[in-house]
Amino acid sequence: MLVQIGTLIAATSLVQLANGFFNTFLSLRLTLEDFGSTLNGIVLSAYFIGFTIGAVGSGQVIQRIGHIRAYAAFAGMVVVATGVMPLLVSPWAWIACRAAIGMGCVGLFITTESWLNAKAQTDQRGRVFSIYMVGTFLALALGQLLIGKLAIHSMTPFNIIAVLFALALVMVSTTRAEAPGIAPEATLRYGELTRQAPVAVVGCVISGMISSAFYALVPAWMLSNGVPQQTIALFMLVAVLGGLALQVPVGRLSDRGDRRLVLAGLALGFAAAALLLVMLPPKLTAVLPVAAVLGGFMSTLYPVCVAHALDRMPADRVVAVSGRLILVSGFGSALGPMLGAAVMSRFDIGGLLYFMAAATILLAAVSGLRVLVKAPPVRVERPFEIIDPLTAPISQEPEATDPDGTPRAVPA
């Protein structure tokens, strides 16, 4: 079982290595192509639009054709779309390709995570997903290092990305692991989550918006202002590693008190870091520590929102709530590059940072107001889990319950 799970985790790490590199690389490549700020923003947002659409329909595909064939179909979609991009260099072709890549990637993640949930034993699931998410963060970080080594204007980056996705497909297609079945999911009426956990909904929108704007637009601005590729790669690497470093401390803090207060603190911390970046001199010794803090606060907003939403909802709605939140986050992620590109075209990088700071200050205000009018849950029903900044676990097992419906602790 450990070998089978290890194969899935290794394959997903390859996917995330390609994904982390692709997001930053495309931001830089669009700067060279110069489609215009509006079309650049739409191309960058197309991935998240496809990701959101795929989150709705991927489960049905998996249920109809099975995990392994679904994984092959999703990976094949990504490889084809990636291969087409250097052959058809136009904004509309790239919009379609990036949307297809987003749909394929979310399908890969849903397939992998539902497979891990089914195969991991109850007393090992926490450790399995911790390894899974740490591997994801490290792969995202390694993807940034590739930025400083490759010629952005060549076809080589596209070829490397396609090879990584294809290699992940080979690993999963040749595994001897028996694919699991898909259990029916509890439904969740539209509007119910917003009524029960409005802070989580607002937080997911804002988290998706600032994360996508940061990863999509900051590298492009740096390149257009003559910053060397190696420096851009280092800046992005530090931001990703900052996100990894704060996951456990923030998680423990949020498990001990009102998550809305933690969320307000994270939002204000991000706003302060963003404003500090505007004022600092452009020196690595000054900027990199702030970039780490910025990445740390940014990457922990979403998992705290997810944990807060699950605190407010019944245990049998875990999968439905997770799926609904990824849709909400995807909506914000699609808006981020488009709004951010429009702001940055008029007010430069300072305008983008002020825009992201204003969004998180709004989140802090909403969280603070809800603390005043709504008491926290009597007990925390679901602990914080490490969730990476670009893809959120969607398929999760409901926690165990006693016959009277009381949540029962599950060893991790």
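Which residues is tryptophan 94 in contact with, leaving aside its neighbours within four places in sequence? The legends below refer to a predicted model.

**View 1. Surroundings of tryptophan 94.** Leaving aside neighbours within four places in sequence, tryptophan 94 is in contact with Leu26, Arg29, Leu30, Glu33, Phe35, Val43, Met85, Leu88, Val89 and Phe158. One of these contacts, Phe158, is listed among the buried residues of helix α6.

**View 2. The largest nonpolar core.** This core contains 126 residues, of which Trp94, Phe214, Phe235, Leu352 and Met356 touch the most other members. Helix α12 (residues 318-373) supplies the largest share of the core, 17 residues.

**View 3. Helix α6 and its buried residues.** The buried residues of α6 are Pro157, Phe158, Ile161, Ala162, Leu164, Phe165, Ala168, Leu169 and Val172. Around the axis they cover an arc of only 155 degrees, and therefore lie on the same side of α6. The helix comprises 18 residues (residues 156-173), which at 1.5 Å a residue should span 26 Å; the end C-alpha atoms are 25 Å apart, in agreement with that expectation.

**View 4. Glutamine 144 in helix α5.** Glutamine 144 is located in helix α5, which runs over residues 125-147. With a relative accessible area of 2%, glutamine 144 is classed as buried because this value falls under 20%. A polar atom of the glutamine 144 side chain lies 3.1 Å from the backbone oxygen of glycine 20. Not counting residues up to four places away in sequence, glutamine 144 touches Gly20, Thr24, Ala233, Met236, Leu237 and Val240.

Key:
Residues are numbered from 1 along each chain as its sequence is written. This is a predicted model: local features need pLDDT of at least 70, side-chain atom pairs count only at pLDDT 80 or more; totals for chains, interfaces and linings use all residues. Side-chain values use heavy atoms; hydrogens and water are left out. Helices (H or I, at least four residues) and strands (E, at least two) are DSSP runs, numbered from the N terminus. Buried means under 20% relative accessible area, exposed over 50%, partly exposed in between (1.4 Å probe, protein chains only). A polar contact is a pair of N or O atoms within 3.5 Å; within protein, one must be able to donate a hydrogen and the other to accept it, and residues adjacent in sequence count only if both atoms are side-chain atoms. Contact means heavy atoms within 4.5 Å. The expected span of a helix is 1.5 Å times one less than its number of residues. The arc is that of the directions from the helix axis to the C-beta atoms. A nonpolar core is a set of buried Ala, Val, Leu, Ile, Met, Phe, Trp, Tyr and Cys residues joined through side-chain atoms within 4.5 Å.
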